[in-house]
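Here's a quick briefing on a two-chain model.

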Amino acid sequence: MLYRETGQFKTDYAADQQLFPIRQDRVAIVALLVFAFAGVPLAAATPGLAVAIDFNYWFSGVLIPFLIFSLAALGLNILTGYAGLLSLGTAAFMAVGAFAAYNFELRVPGMPMLMSFILAGGVAAVVGIVFGLPSLRIRGFYLAVATLAAQFFVVWALTKFGWFSNYSTSGVITAQKIAVFGWAIDTPVKRYLLVLAIVCVLALAAKNMVRGAAGRAWMAVRDMDVAAQVVGIPIMRTKLLAFAISSFYCGVAGALYAFAYLGTVEPAGFELDLSFRILFMIIIGGVGSILGSFLGAAFIVLLPIFLDLSANAIERSFGLTLPSGLVSNLTLIIFGALIVFFLSVEPLGLARLWQIAKEKLRLWPFPH
Amino acid sequence: MSLRFGKAAWLGLAALAAAGAAHAQNEQFIPMAGYWVGPYAAGGSGVFGGYIDYINMVNARDGGVNGVKLTYEKCETEYNNARGVECYERLKKDGPTGASLIMPLSTGITYSLIDKGTADHIPIVSIGYGRTDASDGRVFPWVFPLITNYWSQNTAKIKFIASKEGGLDKLKGKKIVNLYHDSAYGKETIPVLDAQAKKYGFEVTHIPVAHPGNEQQAQWLQIRQIKPDWVILRGWGVMNPTALKAAAKVGFPRNKMVGVWWSGAEEDVIPAGDAAKGFYAAAFNVSGSNYPVIKEIEKFVYTKGKGEMEDRSRVGSIYYNRGVVFGIVTVEAIRTAQERYGKGKPMTGDQMRWGLEHLNIDDKELKKLGATGFMQGLKVSCMDHEGGGAVKFLQWDGKKWNTVTDWIASDQSIVRPMIEESAAKYAKEKGITPRDCAKEG
């Protein structure tokens with residue numbers, strides 16, 4: 001009943017081909033964007049609220065990592081969800097993006113920061129294409145192993161060759177200060193807005209891409225690549241494009257991770273467990289769905305924090321002392337259980353659950 | 001009837017509430033952003049166990065520092081930079097004056113927090129690890145790599161090796177292998193070793209071991225070919241016992257191996273069994289529970305059943321004692337800050353920074369703390385955020401660590417110029433103007 005699209009007629013092709021054809025969707029998205037861009041920063045600037053809620057923590061510790069991981073999950077979703085090419089090298093491409101952005105800023109005088117991010121994504125795309133070449137010959141599990149090689153090789157190369165980290169004695173580099181069009185991005189609010197803007201633009205681009213010819217080619221390759229080839233879809237171009245676009249997104253996410261979130265980069269921060277984390281995000285959120293990347297990222301970023309805060313609250317209210325490390329181990333157990341649950345019960349993840357909810361909302365309160 | 005409760009009674013209640021609130025305000029908050037899970041949990045749980053026990057002991061025995069009770073909150077970082085940043089952001093505003101300081105026990109997390117701590121005015125204390133060039137306090141006013149940093153330790157290690165060879169002049173022509181963990185931590189000492197190799201005329205070969213380090217066959221075969229006189233083991237976690245076992249297999253004498261202080265704990269040598277006998281390690285704190293400060297902890301905390309270590313035998317181990325040293329530094333910094341800014345008041349981040357920068361723990365103070373021989377004296381200043389620079393050497397006999405030397409001072413003539421050069425490069429890169437220490441109080 002709430003979600004009925006009856007009465008919403010489209011009178012031209014443009015209206016019919018909209019990204020969000022249902023009016024309720026459009027309203028919801030606009031409201032969300034207004035809240036995200038204007039509502040949250042205004043709330044943070046209200047003196048009364050700022051005392052009650054620690055906005056800097058929410059920006060720096062929760063919202064910014066959520067947005068950055070959503071972007072990386074989006075990249076992986078394009079590769080694994082839409083094109084069906086399982087990849088375990090996501091963190092390596094993020095590392096390439098981070099170090100590339102650092103080096104562009106360092107070695108090219110006067111390079112605008114946004115340009116550095118775009119070029120860093122480009123470098124990551126090139127690396128992605130190189131490591132995506134095996135996908136033309138092998139598929140499935142074996143391709144995953146080839147991308148694993150990418151993961152280890154990139155991290156090794158960044159540690160071994162001091163040039164990438166400007167020969168710093170410890171291999172840890174500090175990201176430069178961000179300045180966009182003359183504005184210095186130094187407070188958590190500004191960083192949040194920058195990351196939000198970049199993620200919104202790239203998510204919109206992704207949503208368009210997966211609806212268009214490229215996206216349909218990817219889905220054809222995912223479903224049955226031999227049949228796709230027979231039908232005339234250029235396999236090499238499609239697969240390498242998937243790797244390129246996915247690595248571009250991961251590269252930009254990596255650059256933002258270094259510049260807008262942590263402030264420092266070291267190769268050891270982009271190990272295999274980060275790749276797995278992003279894979280878990282798309283499995284839980286929903287493979288092959290743009291919304292799923294965001295839901296999965298929110299889940300994986302927020303769950304450990306939520307468990308930690310609950311444990312603290314329990315400790316305080318009941319006066320117990322829980323064993324240290326209980327929460328961390330519990331988080332890992334819960335993640336594992338959820339992965340098994342989602343893969344067996346609902347392989348299409350949280351996004352599918354949301355879709356089912358929307359279907360039910362069309363009929364509610366009348367179940368049939 | 002309720003109105004007859006009377007003005008006096010209401011005033012009394014209000015006074016009680018205010019007193020209660022004021023009492024709650026007289027606290028100093030210390031964030032405990034450590035790791036109790038993961039591959040380095042043995043170290044993290046030991047260090048933070050000692051740290052928390054010392055804090056609880058000070059609260060139980062003295063009622064806090066001049067009446068200001070010390071509170072803390074644990075936050076699990078899993079030795080992960082992103083988690084460390086999240087814990088810092090969550091805990092930095094807790095307590096009436098915010099977090100006093102933060103000791104992340106991780107070089108990676110320290111690097112991530114340097115900019116944030118500087119902006120938020122919260123000192124970052126990285127005792128025995130962290131960003132070595134932060135010893136130059138003019139460029140890093142908010143970062144304190146106290147007691148001894150990696151470069152100082154390295155020069156003391158070369159002095160120790162020289163003492164075993166018969167003098168610094170006998171080092172000429174000798175071969176030393178630096179077996180290091182291939183990470184930011186592992187690579188820190190390569191430049192200072194190269195500088196000393198040039199100065200004393202020994203040959204140094206750097207051999208990396210890929211993380212996590214449980215495969216070292218190739219590296220030890222290479223070492224057997226080189227036939228070095230000494231091997232410096234700069235390991236972490238599982239790399240350490242693996243190295244000792246591989247050395248035994250290849251026939252390299254363990255009493256010609258010297259480890260850093262992250263290779264020199266019980267957890268690093270016990271898994272290697274007999275292969276570890278004779279192994280030397282550097283330390284800025286000793287092991288053993290026969291010191292007055294440990295006895296006080298046992299008396300005031302463990303007998304009351306409030307100790308952090310579930311395994312009581314770990315009290316007095318190297319990592320545990322290291323945590324006690326962290327606690328001593330924290331409490332003495334608070335005390336020093338209170339001397340200037342008001343006894344009995346909780347200190348803000350700026351005041352804690354002053355306290356850390358003017359920390360002066362001499363022998364008399366050590367005796368009062370019950371830590372003579374346990375840790376070295378400390379004198380921090382604006383120029384010198386290290387404050388100590390001396391190292392003791394321990395040897396494992398199969399059952400425990402025995403102290404085999406007294407405090408060996410580092411060679412600051414090599415270390416300090418390198419630190420100042422590196423700090424100046426950082427200052428130029430970030431556009432920081434170094435402070436003028438002469439102008440400050």
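In chain A, 25 Å separate the C-alpha centres of domain 1 and domain 2. Keep in mind that this is a predicted model. The notes below start with that pair of domains and then move on to chain B.

**Domains of chain A**
- The domain assignment puts residues 24-53 of chain A in domain 1 and residues 54-363 in domain 2.
- Where these two domains of chain A touch, six residues come from domain 1 and six residues from domain 2.
- On the domain 1 side, helix α2 (residues 23-45) of chain A gives the largest share, with four residues.
- That side of domain 1 of chain A has six nonpolar residues, with no polar and no charged ones.

**A helix pair in chain A**
- Helix α12 (residues 272-285) and helix α15 (residues 349-363) of chain A have axes that come within 3 Å and cross at roughly 20 degrees.
- Angles under 35 degrees count as roughly parallel, so α12(A) is roughly parallel to α15(A).
- From α12(A), the contact uses A:Ile283, A:Ile284 and A:Gly285, and from α15(A) it uses A:Gly349, A:Leu350 and A:Ala351.
- Sorted by class, this helix contact has four nonpolar and two polar residues, and no charged ones.

**Chain B overall**
- Chain B has 15 helices and 14 strands.
- With a radius of gyration of 23 Å against the 22 Å from the globule rule for 441 residues, chain B is as compact as a globular protein of that length.
- Along the principal axes, the C-alpha atoms of chain B fill a box of roughly 95 × 50 × 40 Å.
- As for burial, 54% of the 441 residues of chain B count as buried.
- Among contacts in chain B with a separation of 6 or more, 70% link residues 24 or more positions apart.

**Domains of chain B**
- Both domains are assigned in two segments: domain 1 of chain B covers 23-148 + 287-381, and domain 2 covers 151-283 + 394-412.
- Their C-alpha centres are 28 Å apart.
- The contact between them takes 14 residues from domain 1 of chain B and 19 residues from domain 2 of chain B.
- On the domain 1 side, α2, α4 and α12 (318-341) of chain B each give two or more residues.
- By class, that domain 1 side of chain B has five nonpolar and nine polar residues, and no charged ones.

**Where the chains meet**
- The contact between the chains takes 28 residues from chain B and 23 residues from chain A.
- On the chain B side, at least two residues each come from α2 (41-62), β2 (69-76), α3 (81-91), α4 (107-120) and α6 (184-187) of chain B.
- The side of chain B that touches chain A has eight nonpolar, eight polar and 12 charged residues.

- Most residues other than glycine have a negative phi.
- A:Phe181 is not a glycine, yet it has a positive phi of about 50 degrees.
- A:Phe181 sits in the loop between β2 (178-180) and β3 (183-185) of chain A.
- With 7 other C-beta atoms within 10 Å, A:Phe181 is exposed.
- B:Ile147 is not a glycine either, and has a positive phi of about 70 degrees.
- You'll find B:Ile147 in the loop between β4 (143-144) and α5 (150-165) of chain B.
- B:Ile147 counts as buried, with 28 C-beta neighbours inside 10 Å.

Conventions
Residues are numbered from 1 along each chain as its sequence is written. Chains are lettered from A and ligands numbered from 1 in the order in which they are written. This is a predicted model: local features need pLDDT of at least 70, side-chain atom pairs count only at pLDDT 80 or more; totals for chains, interfaces and linings use all residues. Two residues are in contact if their C-beta atoms, placed from the backbone, lie within 7 Å. Ala, Val, Leu, Ile, Met, Phe, Trp, Tyr, Cys and Pro count as nonpolar, Asp, Glu, Lys and Arg as charged, and the others, Gly among them, as polar. The radius of gyration is taken over C-alpha atoms; the globule rule is 2.2 Å times the number of residues to the power 0.38. A residue is buried if 20 or more other C-beta atoms lie within 10 Å of its own, exposed if 12 or fewer, and partly exposed in between; C-beta atoms are placed from the backbone. Axes are lines fitted to C-alpha atoms, for helices over the stretch in contact, and angles run from 0 to 180 degrees between N-to-C directions. Angles under 35 degrees count as roughly parallel, over 145 as roughly antiparallel, 65 to 115 as roughly perpendicular and the rest as oblique. Domain bounds come from an automatic or database domain assignment.
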